[in-house]
Amino acid sequence: MYKVISSWVDEHRQYILDFNKSLVSIPSENRYPVGDEKQVQEFIYCFLSKLNCEMDMFLPTEVPGLTEHEAFLGNREYENRPNVVARKRGVGGGKSLIFSGHVDTVPKGEDPWSFDPFSGTVKDGKQYGLGLFDMKGGMAAAMMALQLLEEMKISLQGDVLIETVVDEEYGGSNATLACLLKGYEADLAIVPEPTNLAICPVNQGGSMFRITFRGRPGRSFSGEKLNNPVFAAARFLDVFHQYENYHRSKRSESHWFANDPGLPAYVQGVKAGPVNLPLSDRVPSHCTIDVWIQCYPETTEEELRTDFEDFCREKVVQDEILRDMPPVIEKLIRFLPGTGIPVNHPSLEVLSKVAHIAHPGGLPIQGAPFACDSFMFNLYSQTPAVIWGPKGGNAHAPDEYIDVEEFFLLVKLYALTMMEWCGIAS
Ligand SMILES: [Zn+2]
């Protein structure tokens, strides 16, 4: 059976890359708190309809109970941002499987790209595109796998669902919750976020904070004593750099993270003065630093925050400038918990078997070094979720890409997984 899968993919290499290109060429940038995923969702709806799937398209906010749910995150807008769910119904008697992923991308940003980010250019074994690695590519692989089964007339026992959701970036995840509340559950979910083909039964979590320093603004025409918050921020950057090193050295209790290179903590933005004006005319009133700090699944939101605050407090009291303009730490978006499936979950045996069939020696099984919306499945539904997606690089950066050969392998892996997990009907 693997031969059938493998030759379909080998004969459709150009077709697959063109499909990726179609997804990438329809921009779906998340411009928090709004986004414009509608066009790409309509394209996906149309594509999956042709594969004889039962289709559903709905705004997350149309789902009863969403905004009242404890995991709902406010201050986001959902006009023109529909979810799409396709169900390929099996003949019965098998286990069901959901491929769930987001179609919003981060904004293109101001940094220049070597290729048009919406072109899907293929060069030297890589295909480039905004959101292709994170994570239109992973969802494209699942859709290609479903088309493969349809064309090769391989029918399954269990249902396969493909759900493409909106607004995941910036801690969104409401749209994933909306699918669950609408009743789209299964015996297993695969979230094809980019894992470089590693099968990830658990993932890290994270929190985003804004640290604000306030001074006294203006110019001292009348001898006013000014206080420049930029100097406090500068001192704090050094404190954060020390925190980064301390944080990276933490180890997880979970053996899935045994080879983890360490927890990331990033400064993601520093702002002071009139950032939207061409010139500045005064000592600024305040300066802000935005940071993102990850944690292992065993760490609670409270523990992450307390650890960070304690580290900072100790440094702040030793510094004259920081004592004068102390940091005020506030949480920016929801805490994204690190979650996972039980260590002995039966899906791991199946995925590992599939990996060995398609890739001699198998694939790594390890914790994912990033946070995503998989916690919605693992904490708020009956559907356990693993993360497993394409190989590539430059997520949230210029020249985001997927590795083309490994992408073809991923399509094969997903098709095999559908067959092995859901069962072949005839
Ligand atoms: Zn993502």
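# Strands, sheets and domains in a predicted model

Visitor: Which strands do ten bridges join?
Guide: Ten bridges link strand β10 (residues 205-214) with strand β12 (residues 286-295), and the two run antiparallel. Helices (H or I, at least four residues) and strands (E, at least two) are DSSP runs, numbered from the N terminus. Two strands pair if DSSP finds at least two bridges between them. One example is S207, which stands opposite I293 in β12.

Visitor: What kind of model is this, and how are residues numbered?
Guide: This is a predicted model, in which local features need pLDDT of at least 70 and side-chain atom pairs count only at pLDDT 80 or more, while totals for chains, interfaces and linings use all residues. Residues are numbered from 1 along each chain as its sequence is written.

Visitor: Back to β10. What is the strand order in the open sheet of four strands?
Guide: The order is β11-β12-β10-β13, with antiparallel pairing. At the edges are β11 (265-272) and β13 (328-331), each of which pairs on one side only. From one strand to the next, the twist averages 25°. For such angles, axes are lines fitted to C-alpha atoms, for helices over the stretch in contact, and angles run from 0 to 180 degrees between N-to-C directions.

Visitor: And the sheet of six strands, what is its order?
Guide: That open sheet has the order β3-β4-β8-β5-β9-β14, and its pairing is mixed. Strands β3 (54-58) and β14 (385-387) stand at the edges with a single partner strand each, so one side of each has no neighbour in the sheet. Neighbouring strands of this sheet are turned by 20° against each other on average, direction ignored.

Visitor: Is β5 buried or exposed?
Guide: Six of the six residues of β5 (residues 97-102) are buried, so the strand is largely enclosed by the rest of the structure. A residue is buried if 20 or more other C-beta atoms lie within 10 Å of its own, exposed if 12 or fewer, and partly exposed in between, with C-beta atoms placed from the backbone.

Visitor: Which way do the residues of β5 point?
Guide: L97, F99 and G101 point one way, and I98, S100 and H102 point the other way. In a regular strand, side chains alternate between the two faces of the sheet.

Visitor: How many bridges join β5 to β8?
Guide: Six bridges join β5 to β8 (residues 160-165), and these strands run parallel. F99 has I162 as its bridge partner in β8. Three bridges connect β5 with β9 (residues 188-191), also in parallel, and there I98 has A189 as its bridge partner.

Visitor: New topic. How is the protein divided into domains?
Guide: There is domain 1 (2-202 + 339-422) and domain 2 (205-331), with bounds that come from an automatic or database domain assignment. Their centres, taken over C-alpha atoms, are separated by 34 Å.

Visitor: How many residues does the contact take from each domain?
Guide: The contact takes eight residues from domain 1 and nine residues from domain 2. Two residues are in contact if their C-beta atoms, placed from the backbone, lie within 7 Å.

Visitor: Which residues have the most contacts inside the largest nonpolar core?
Guide: They are A145, V411, A415 and M418, in a core of 89 residues. A nonpolar core is a set of buried Ala, Val, Leu, Ile, Met, Phe, Trp, Tyr and Cys residues joined through C-beta atoms within 7 Å. A second, separate core has 20 residues, including A233, F236, I293 and C312.

Visitor: What about S173, what is its phi?
Guide: S173 has a positive phi of about 70° although it is not a glycine. This residue lies in the loop between β8 and α5, and S173 is buried, with 26 other C-beta atoms within 10 Å.

Visitor: And where is D399?
Guide: D399 is in the loop between β15 (392-393) and β16 (401-403). Its phi is near 60°, a positive value in a residue other than glycine. With 17 C-beta neighbours inside 10 Å, D399 counts as partly exposed.
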